[in-house]
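Hi,

Here's the structure I said I'd pass along.

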Amino acid sequence: MLFRRLFASILLFTFTAQAQTPDHQPMMNEVWEAFDQLMYKVTTEDDGTTVYTPHFPKVLKDLDHTTVTLPGYMVPFELGRDHHMFMLSVLPVMQCMFCGQNGIPPLVQVTMKSGKARFSNNPFKIRGKVYLNTNLEKGAEIQILDAEVVEQD
């Protein structure tokens, strides 16, 4: 349900975007590079259902339960100005999240420690604890918990 709302928000922002793709600052750093290593084990159940199970390579497991600082752009789950939970991306929400020549850019789910972060088209930095989630009913595979905004325009 949470991801349906995310994709509905992305579609809404995409259709209301300007004709030109906005410029953006590159956000990739060694933490994002590690997050980009997320893989999936693909299995088929007896009824023919395909199941994607997150697989976390060592570089990701080494980050689990550590505190990181991560720059990025907010991708809100819901419309609004202030958000307690949102996705963080290396690309702005106004750009297609699934375009480009290098596949899907990494996203992480962020839950603020207290309060809310204000939406902006500008990048900002958060600091929080990495949590690797194998139960996709409880959110994204990679989460930043107890997050705080450390730099915002």
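Let's start with the turn: Gly48 has a positive phi near 90° and belongs to the hairpin of β1 and β2, where 5 residues lie between the strands. (Helices, H or I of at least four residues, and strands, E of at least two, are DSSP runs numbered from the N terminus.) The two strands, β1 at residues 39-44 and β2 at residues 50-55, run antiparallel and pair over 6 bridges; pairing here means that DSSP finds at least two bridges between them. Across that pairing, Lys41 sits opposite Thr53 in β2.

Before the side chains, some housekeeping. This is a predicted model, so local features need pLDDT of at least 70 and side-chain atom pairs count only at pLDDT 80 or more, while totals for chains, interfaces and linings use all residues. Numbering runs from 1 along each chain as its sequence is written, and side-chain values use heavy atoms, with hydrogens and water left out.

There are 2 salt bridges in the structure, meaning a side-chain nitrogen of Lys or Arg within 4 Å of a carboxyl oxygen of Asp or Glu. One joins Asp82 and Arg118, with the closest N and O atoms 2.8 Å apart. That pair links distant parts of the chain, 36 residues apart: Asp82 is in β4 (residues 82-83) and Arg118 in β7 (residues 117-118). Asp82 is partly exposed at 32% relative accessible area, and Arg118 is partly exposed at 38% (buried is under 20%, exposed over 50%, partly exposed in between, using a 1.4 Å probe and protein chains only).

The other brings together Lys58 and Asp62, at 2.8 Å from N to O. Lys58 is exposed at 60%, whereas Asp62 is partly exposed at 45%.

Cheers
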